[in-house]
Amino acid sequence: ERQQIERGKAFQWAFITSFILLALFCIIENTFEICQFSTYFIFITTFWISFSVFSTKVILTDAFYDIKKKASRVIFIMFGIVGLFMLVVDIIEILNGESLVTGNKLNDIVAIMIESVAMIEMFIVSEVKRIKDKKLAEE
C-alpha cells in the first residue's frame, strides 16, 4: 500500500512536469519566437523527461521494484545500454555535420539526445540506489 501511495505521488510529479514542459514549449515558441519545435520533439521530450521524473521518484522511495528486483534491474541496464548507444550515435552524427538547428527549428536529433540522457539517468539512479541499499544491508 505504501508503494501505491509513493507511485501516486511520483505520477503527480511527472504529470506536473509534463504540463510545465508543454507550457514552456508554448511560451518559447509563441511568445519569444526563439525557435520552433516539431510535434515529435515535443512528444519525445515531454514523455522522456516526465518518465524520468516518475522513475527517479519511485526508485528513490523504494516503490518501483517488485519483490524480485532482478527483472526491474535488467530493464534499467537495457535503458543504460540503449541510451548510451543512442547518445554515441547522435554525437557521431553531430561530428559528421548534422545540424542541431535548421532555420529557427530544433532538429529531432536534439529530442533523441534528451531521450538518451533520460535513459542513462534512470540507469544511474537505479544503480546508485542498488549500491546504497546493498551497503546499508551489509551494515
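Guide: Five salt bridges are found in a search of the whole structure, a salt bridge being a side-chain nitrogen of Lys or Arg within 4 Å of a carboxyl oxygen of Asp or Glu. The model is predicted, so local features need pLDDT of at least 70 and side-chain atom pairs count only at pLDDT 80 or more, while totals for chains, interfaces and linings use all residues. Residues are numbered from 1 along each chain as its sequence is written, and side-chain values use heavy atoms, with hydrogens and water left out.

One of the bridges pairs Lys-129 with Asp-62 at 3.4 Å, N to O. Because Lys-129 lies in helix H4 and Asp-62 in the loop between H2 and H3, this pair ties together parts 67 residues apart in sequence; helices (H or I, at least four residues) are DSSP runs numbered from the N terminus. Lys-129 is buried, at 9% relative accessible area, whereas Asp-62 is partly exposed at 29%; buried means under 20%, exposed over 50% and partly exposed in between, with a 1.4 Å probe and protein chains only.

Glu-127 takes part in a salt bridge with Arg-73 (3.1 Å, N to O). Here Glu-127 of helix H4 meets Arg-73 of helix H3, so parts 54 residues apart in sequence are tied together. Glu-127 is buried at 12%, and Arg-73 is partly exposed at 33%. Glu-127 also forms a salt bridge with Arg-130 (3.0 Å, N to O). These two residues are three apart in helix H4, about one helical turn, and Arg-130 is partly exposed at 31%. Through shared partners, salt bridges join Asp-62, Lys-129 and Asp-133 into one network.
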